[in-house]
Amino acid sequence: MMTAIIEAFFHKPTSTLSYVVYDMTGGHCAVIDSVLDFDLSSGIVSTEFADQIIDFIRSNQLTLDWILETHAHADHLTAASYIKSKLGGVIAAGGHIVDVQATFESILVMDDDGVQSRNSFDHRFQDKEEFSVGMLTAEVLETPGHTSDSVTYLVDEDAFIGDTLFMPDFGSARCDFPGGDAKQLFASIQRIYALPDSTRIFVCHDYQPGGRELQYQTTVGVSKADNIHITGDTPEREFVQFRSERDKQLNVPKLLYPAIQVNIRAGQLPKAFIKIPISKTF
C-alpha cells in the first residue's frame with residue numbers, strides 16, 4: 001500500500017491547519033483546507049500563507065490534483081480559487097455544500113454582486129465516494145453535525161476530519177450554526193470512532209489550550225480514550241446535552257460573515273463588499 005506523505009501548515013491568526021497530502025512516487029498531491037490572509041479591520045485580503053503552500057508544491061515538483069474543503073468554514077477564508085488559479089486542480093467539497101449555499105444566500109441576499117456560488121465547486125462528493133491522489137486511494141465519509149456539509153477525507157490510513165473533533169484536550173466542534181445538529185455530530189463521531197484505532201486523525205484547528213505546543217495529529221484510539229468531550233463510552237444523551245449547553249455560551253466567530261460569503265463560493269471574493277447582517281435591540 002502506498003503511504004501518504006503529509007505536510008502541515010499552521011495559520012496562526014486563525015489557528016487553522018492546512019495540509020498537502022502527496023505520493024512521493026507519482027508526485028501528485030491534494031491540498032486540504034487552505035487559507036487566505038484577511039484583516040477584518042481594513043478588509044485587506046492577501047496570500048502570504050497560501051503562497052507558502054504553492055511554493056512547497058512547486059519546489060517538490062508536485063502536480064496538484066485536488067483542492068479539498070472539509071466544510072464551509074466559519075473562521076477563515078479559503079484560498080481554494082486562488083490556489084487553483086496558480087496550480088490548477090479540482091476544487092471539491094461534500095455534496096451538502098448546496099444546502100449551506102442555499103441557507104446563506106437567503107440570509108445574506110447574495111445574488112446581487114455578480115459572484116455566483118452554485119457553480120463555484122468543480123466537484124461535490126457523495127458519501128463513500130472514492131477518488132485518487134496519484135497512487136493514493138481516498139474515500140469520502142459524510143460527517144455532519146458541526147455543519148450539514150462536513151466530510152472526512154480518508155487517504156489510505158489517515159483521516160482529515162475538519163472541525164468534527166479537535167485534539168483530545170480540546171474536545172469537539174460546536175453545533176449551533178445553521179444546519180448544525182448535536183445528535184448528528186454524535187453519530188458522525190461514532191463513524192470516525194468505528195475506524196481502526198491506529199487510524200491517524202488530522203484536525204483542522206489547534207487552539208493550543210494552556211499555551212501548549214502546536215499539535216494536530218492523534219489517532220482514533222487515543223481520541224476514543226482521552227477526548228475531553230466524547231470518549232468511546234460517552235452516551236448520546238450526555239453528549240448532546242453537554243454540547244447544547246456549551247454552544248449557548250460561545251461567541252459568534254469574528255470572521256463568520258466574511259468567511260461564509262467567500263467559502264460557499266470556493267474562495268471567490270465578492271466584487272467589492274462583505275455583508276454583515278444587523279439585529280436591532282431597540
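## Pockets and cysteines

By class, the residues lining the second largest pocket are 12 nonpolar, one polar and one charged. Here Ala, Val, Leu, Ile, Met, Phe, Trp, Tyr, Cys and Pro count as nonpolar, Asp, Glu, Lys and Arg as charged, and the others, Gly among them, as polar.

Do keep in mind that this is a predicted model, in which local features need pLDDT of at least 70, side-chain atom pairs count only at pLDDT 80 or more, and totals for chains, interfaces and linings use all residues. Residues are numbered from 1 along each chain as its sequence is written, and side-chain values use heavy atoms, with hydrogens and water left out.

A pocket is an open set of points on a 1 Å grid over the protein atoms alone, where a 1.4 Å probe fits, with protein on both sides within 12 Å along at least five of seven lines; lining residues have an atom within 4 Å of a point. A volume is the space filled by probe spheres set on the points, which are joined across faces, edges and corners.

| Largest | about 650 Å³ | Thr 14, Asp 75, Arg 174, Tyr 207 and Pro 253 |

The lining of the largest pocket divides into 14 nonpolar, nine polar and seven charged residues.

Turning to the cysteines, the count is zero disulfides (pairs of cysteine sulfur atoms within 2.5 Å). For Cys 29, the nearest cysteine sulfur is that of Cys 204, 18 Å away. Cys 175 is in no disulfide either, with the sulfur of Cys 204 the nearest at 15 Å.
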